[in-house]
Amino acid sequence: MKALTALATRLDNAANPIVVKELRQAVQGRFVSGLLFFFLIVQLLTLGSFVLFSEHVTTNFESGRDAFNFLLGILLGTCIFFLPAYVGLRLAAERSGSNPDLLFVSTLTPRQIIMGKSVASLILVLLIYSTCMPFMAFTYLLRGIDLPSIFILLAMCFLAIAVGLHLAIFAACIPCGRGSRFLNALLTFGALVALFSSTLGAATGMIQSGVGSWINSTEFWAGAVSLVVLAAGAVGLLVILSLAMIMPPSANRIMPLRIYLTAVWLIVAVLAWYWAGQTGDVEFLESWLVGSVILSGAGVLGSVSERDSHGPRLARSIPRNPLLRTGSFLFFTGAASGILWALLVAIVSFLPFWAFTGCLPATVRRPPDPDLLFGAFVFSCYCFAYALTASVIKRAFLRDSVLVPYASTIALLLVVGGSILPVLIGYFINYQSWYGHDFFSYWLLGNPFAVLFSKPEYIRDAAVFAGGWAIVALAVNVPWLLGQVTAFRPAVPLPPATPPEIVTPAHA
C-alpha cells in the first residue's frame, strides 16, 4: 500500500500544472460543456433525420457515406476553428500586460508552459472525439462506408487538428502590438481555412475511392507514414517556435530551433534517398532539394536580425572544450552563426547532386533535372546576396539604432525594392521592350522569383548577377564573420570577492 501511495504521489508531482489548470478551467467553464452538448444534439438530429425521414435509406447504398461526410465536416470545422480560437485567445490574454497570468511570474519553464497548453488542447480534442466517434461509427450500419475508412479518416483529421491547435498557440506567443496582433490573427485564420479546406477535400476524395480497401497495400502505409511524419514535424516545429517566442531575450532561444531543423533536414534527406532507391523516382530528391533551398534562404534572411555579441549569461554556457565549442557555434544565437549555418545547409544540399551524381541509387530512372538544380542554385544565391547586404547595412548604419532587431525586415524590403523598382524604371524608360529579351535580361535581374518562370538565357544572366553579388557580399562580410568566430569564447569567471579586512583599534 505504501508503494502505491508513493507511486501516486510521484505521478501527481510529475503532472504538468498547466495541464491541470487548463483542464480544470475547461471543465468548469461553459465553452467545453456547451460544445459537447452541441455535438450530441447535432449528431442525434442528423442521424435521426437520416433514419426516420429519408425515403431511400433502405435502398440508397450511399446514405452512410453522406451522413459521415456531414458529421466529419462539423467535427473538423469545430476543432479547427473554435478550439484553436479558444486556446489561442486564452494564451494571448495571459501574455498581455493588462492581464498577466500567475504562470509567467512562477518558476515554470517555457517548455512546461507550451507543453502544458499543447497536452491540454489535445485532451480537449480527444474529449470531443469520444462524443462523436460512436455516432460516426453508427454510419457504417447505414451502408456506403466501412469501419477502416471511418477510423483512418478520423486519425487523419486528428493530425490536421493538432497542427491547427499548435499554429494557434504559436500565433498567440508572438509578441506584437494591437495592429500587428490583428494582422497576426487574420493570417492565422487564413492558414486555418486553408488547412480545413484541404483536409476536408482530401477526406472526401478518400471516402469516394474507398480508402479502407488500401490498408493491405504498401502504397497506403508509405503514404500514412509520410503523413504522420509530416504532421509530427510541423507540430514539433511550431512547438519549438513557440518556445523561442516566450523565452527571455537573453537566453539561447535559437539553439533548439536550429538543432530541430537540422535533425529534420537530415531525416528527410535519408528518407528521400531511400524512397528514390525503392521507387526509382528522383522527384523525392528534387523535393528535398527545393525544401533545403527554402530552409537555407529563410535561415539566412532570419539570421541577420540576431545579435552580434553574446551577453554574460549566454557566454557562460559556451563550451570550454575547443571541439565542442567549434561544433556548437553554428547552433548558438547570433547573426554570424545563423549565416554560416544556412550557408552550410545550402552547400551540403547541392553537393550530392553536382559532385556525387554517380552516388545516386542505381534504380533511379532519370538523373535530376538540370534546370531545376540551376534555378534552385540561382534562387539560393539571391537569398544570400540580399541577406548579406542587409547585414552590411545593419553594421554600417544601424549599429546603435533601435532598428537592429528589424534587419530581416530590411532584407525583405531590399527584395521587394529589387523586384519592383527596376521593372517600373525599365517600363517607363522603354515600354516597347516589355516583352523583349533585353527587358528580361536587365530589368528583372533583381527579382529572385523570376528564375521560376523565365527563359534559360535569362537564368544564365541571373546566375552571373546573383552569383557575383553573393560572392562580393560574402567577401565584405568575411572579416566580420571571422571576428565573430574568434570572439566566440566562454566568459571568464570573476574571482570570488574577498571580505573586507576588519581593523582592530590599537587601544583595544
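This is a predicted model: local features need pLDDT of at least 70, side-chain atom pairs count only at pLDDT 80 or more; totals for chains, interfaces and linings use all residues.
Within what distance do the axes of α5 and helix α8 come, and at roughly what angle do they cross? Select α5 (residues 110–138) and α8 (residues 218–246): their axes come within 9 Å and cross at roughly 135°. Axes are lines fitted to C-alpha atoms, for helices over the stretch in contact, with angles from 0 to 180 degrees between N-to-C directions.

Residues are numbered from 1 along each chain as its sequence is written, and side-chain values use heavy atoms, leaving out hydrogens and water.

Colour by pLDDT (the predictor's confidence in each residue, from 0 to 100). The protein averages 80, and 82% of the residues score at least 70.

Stay on α5 and centre on Cys132. The helix bends there by about 35°, and Pro134 follows within four residues; the bend is the angle between axes fitted to the seven residues ending there and the seven starting there.

Next, select α14 (residues 370–397) and α17 (residues 456–486), which pack at about 35° with axes 8 Å apart. Their contact residues divide into 20 nonpolar, four polar and two charged (nonpolar: Ala, Val, Leu, Ile, Met, Phe, Trp, Tyr, Cys and Pro; charged: Asp, Glu, Lys and Arg; polar: the others, Gly among them).

Note on methods
Helices (H or I, at least four residues) and strands (E, at least two) are DSSP runs, numbered from the N terminus. The expected span of a helix is 1.5 Å times one less than its number of residues.
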